[in-house]
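Here is a short briefing to read alongside the structure. Please keep the 3D view open and follow the strands, the core and the chain contact as we go.

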Amino acid sequence: MTTRAEFLGDIRREMAKTSGLFETRPVPRPADAGQAAEVVRRQMLERWPQALERFREEFERVAGVFHRVARLDEVPEVIGRIGRERGATGILSWHPGALGVDLRQSLGREGFSVAIAPDADPDAGERESHRTAAATADIGVTGVDWALAETGTLVLVSGRGRPRSTSLLPATHVAVFGRDRLVESLEQVGIMLEALHVDPARTMSGAVINFITGPSRTADIELTLTRGVHGPKEVHAIFVEER
Amino acid sequence: MSDLSTSFRERAAGALNDRFLKQALDIATTKFLTLRRDAFGQFPEGEALRDRARSIKEATLQRLDQHLERLVANVEAHGGHVHYATTAAEARDVVLEIARRTGARLVVKSKSMATEEIELNEALEHAGVTPVETDLGEYIIQLAHEKPSHIIAPAIHKTKGQVADLFSKELGGRFEADPEVLTAVARKELRQKFLDADMGITGANFAVAETGTIVLVTNEGNGRMVTSLPRIHVAVMGMEKVIPTMTDLMVFLAILARSATGQKLSSYTTLVRGPRQPGETEGPEELHLILMDNGRTRQIAGALREALYCLRCGACLNVCPVYRQIGGHAYGYTYPGPIGILLTAMLKGAASVKDLAHASSLCGACKDVCPVRIDIPRMLVDLREQLDRKKIAPWSERMVFGLARRMMVSPSLFGIGAAVGRIAQRPFVRNGRVRELPLFFGQWTRTRDLPPVASRTFSERWKDLDRA
């Protein structure tokens, strides 16, 4: 088997033979990522209404369904309506600590079976029962780390109480977010990700970051666009006005 | 994968006679091209981003060893394992060894050209492990025991009727020839495979050195399934896919999907850093990254260096007048199209493309659409020259072009050549074109014609003008 030293040695030997390469300028990267992220946050305090408009337009263009409510306690009502319209029975949600709202009481009363992702370190048994819940749920409810306006994209960071499959296995994904989640551009997301990775608290978060732009789709049979091939057939975003 | 039981000429002729294939190719490539053009048309900053992406690729190659060291350190710091494979055989052995050690029997795969390149599925089957392709297009061609015909749309050569018959036969049942119905069938069938699988195998679109992140871009969500549900995740990656930072990643994301399918972003971009982390409910217990050379390293200082920039978006296939006529299978190797010829030469050596190197009109359309502006035509010309120098090209071809070269650089020989040609061409000129030349010259005129030598050449007329 090739070792690391041999592998890199081969590469260095070839690199030494190159000559006359064109000069490249290093790509500018924020020197202080935390500070750069803070600048973006401050900019967005003023610019979020325009970003929200753009987000809505782009999100709908990729077949997302946009909802807007005034208060967080109106969110269960919207999810209940989405569920009833689709004949859903099982709902799986991120932990209330990660989502900002506990759906068990409100939606449980309406007859949905609501499962909540564990937020303490789950043991093998809890992981297995969560997997079963995720595989059978009709609706998955998550929060959003960044709502990216220029592409209508939801960026979700996995971690404690925020499993990666809640936005993947159920046929309908509902994401809930507020104004402080809005960013305008991929460039700004890049700054946020640079900051996230130098943040020591990041060690608390999980292994996966997903950029979700509309429902799962394919055009592999005669280029006919079909939604929901492996992931959700529908993606909903609920914007909550209150801060 | 390669299909070399026939010659390129035979495969191309077969493809040209397949009317359905021609129609499917025409519809698919035209659609992708239009979507790409519209996507960049509405994205004025795209051109500057393409320049930036190109310079990131070049800068990364100039410090490739350092970036790989950072990548390895960061993957390992988050609990991942890194393996090194100089050859395709070694890469296969690493995967088989992981499967053996962990007792994996069922493998789900998301679409990956790197694993096609090393013919991993055959090796897994041989070792008693069942690989299941989960990209819908790849799943279809796996059931049909065929090969991908397009980098991003592997089953464009099949009709919905053919897919319905295939599913009915292989999965049991009677399914309607409706893409919606057939997609639902595949969803149900593959959902169970995701849940049952022991191991998930992916490629990698990028790997971010400074964070140790493997990046997967998919539309169906199978990449997410494969990296979330099985207990082992193995990623096979050409080592040139490393990029330095998250800032760089955003530049590539902005142009990759636009170039491939005209989307602003694909449905899912998945960033994976390590196996399941403490506190997480899901994710694999083990993550393995296999860094693969397989012919790439020697091109760092080689003639095909720029081909190491390639993002595998498929844009150069869609725009290529040769690909649009013959499709992917006729090329005979894993990577089709203009970039495919270069990648094949990289992986298998220049001699393997002695015919393919000429399967290009050198029109330059591939270079124009390439998101990182790879100069494919220049490298194709270099390859042709190399084939000539190493005497791999047929002797007749080398002789004819050798003579032509001498004539072109000497005004007096050129004059004599024109005089001789003017007389010698007479029996072969029909309707103002030279057709059906005798001997081995006929190889040229079998599929092309030539303008005849003019009755008075330009230089002769120029002299007249000078006198007047």
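Strand 2 (residues 90–93) of chain A runs parallel to strand 3 of chain A, and four bridges join the two. Along this pairing, G90(A) sits opposite S113(A) of strand 3. Please bear in mind that this is a predicted model.

**The six-stranded sheet of chain A**

- The sheet is open, its pairing is parallel, and its six strands follow the order 1-12-7-4-2-3 in chain A.
- Strand 1 (65–69) and strand 3 (113–116) of chain A are the edges; each has a single partner strand, so one side of each is left without a neighbour in the sheet.
- From one strand to the next, the twist averages 20°.

**The sheet that spans both chains**

- An open sheet of eight strands has the order 8(A)-5(A)-6(A)-9(A)-9(B)-6(B)-5(B)-8(B), with mixed pairing.
- Its edge strands are strand 8 (182–183) of chain A and strand 8 (242–243) of chain B, each of which pairs on one side only.
- Strand 5 (residues 146–148) of chain A pairs with strand 8 of chain A in the parallel sense over two bridges, and A147(A) stands opposite L182(A) there.
- Where do the chains join in this sheet? Strand 9 of chain A and strand 9 (residues 268–272) of chain B run antiparallel and are joined by five bridges, with N210(A) opposite T270(B).

**The contact between the chains**

- Chain A brings 67 residues to the contact and chain B brings 75 residues.
- On the side of chain A that touches chain B, the elements giving two or more residues include helix 6 (124–136), strand 6 (153–159), helix 7 (186–198) and strand 9 (205–212) of chain A.
- Helix 1 of chain A provides the largest share of that side, with nine residues.
- By type, the residues on the side of chain A that touches chain B are 28 nonpolar, 23 polar and 16 charged.

**The largest nonpolar core**

- This core holds 196 residues, among which M237(B) and I290(B) touch the most other members.
- Helix 12 (residues 246–260) of chain B gives the most to the core, namely ten residues.
- At least three residues come from each of domain 1 (1–42 + 307–393) and domain 2 (47–139 + 194–292) of chain B.
- Leaving aside residues up to four places away in sequence, the contacts of M237(B) include A114(B), G203(B), L289(B) and I290(B).

**Domains of chain B**

- Besides domain 1 and domain 2, chain B has domain 3 (395–467).
- The C-alpha centres of domain 2 and domain 3 of chain B are 54 Å apart.

Terms used:
Residues are numbered from 1 along each chain as its sequence is written. Chains are lettered from A and ligands numbered from 1 in the order in which they are written. This is a predicted model: local features need pLDDT of at least 70, side-chain atom pairs count only at pLDDT 80 or more; totals for chains, interfaces and linings use all residues. Two strands pair if DSSP finds at least two bridges between them. Axes are lines fitted to C-alpha atoms, for helices over the stretch in contact, and angles run from 0 to 180 degrees between N-to-C directions. A nonpolar core is a set of buried Ala, Val, Leu, Ile, Met, Phe, Trp, Tyr and Cys residues joined through C-beta atoms within 7 Å. A residue is buried if 20 or more other C-beta atoms lie within 10 Å of its own, exposed if 12 or fewer, and partly exposed in between; C-beta atoms are placed from the backbone. Domain bounds come from an automatic or database domain assignment. Two residues are in contact if their C-beta atoms, placed from the backbone, lie within 7 Å. Ala, Val, Leu, Ile, Met, Phe, Trp, Tyr, Cys and Pro count as nonpolar, Asp, Glu, Lys and Arg as charged, and the others, Gly among them, as polar.
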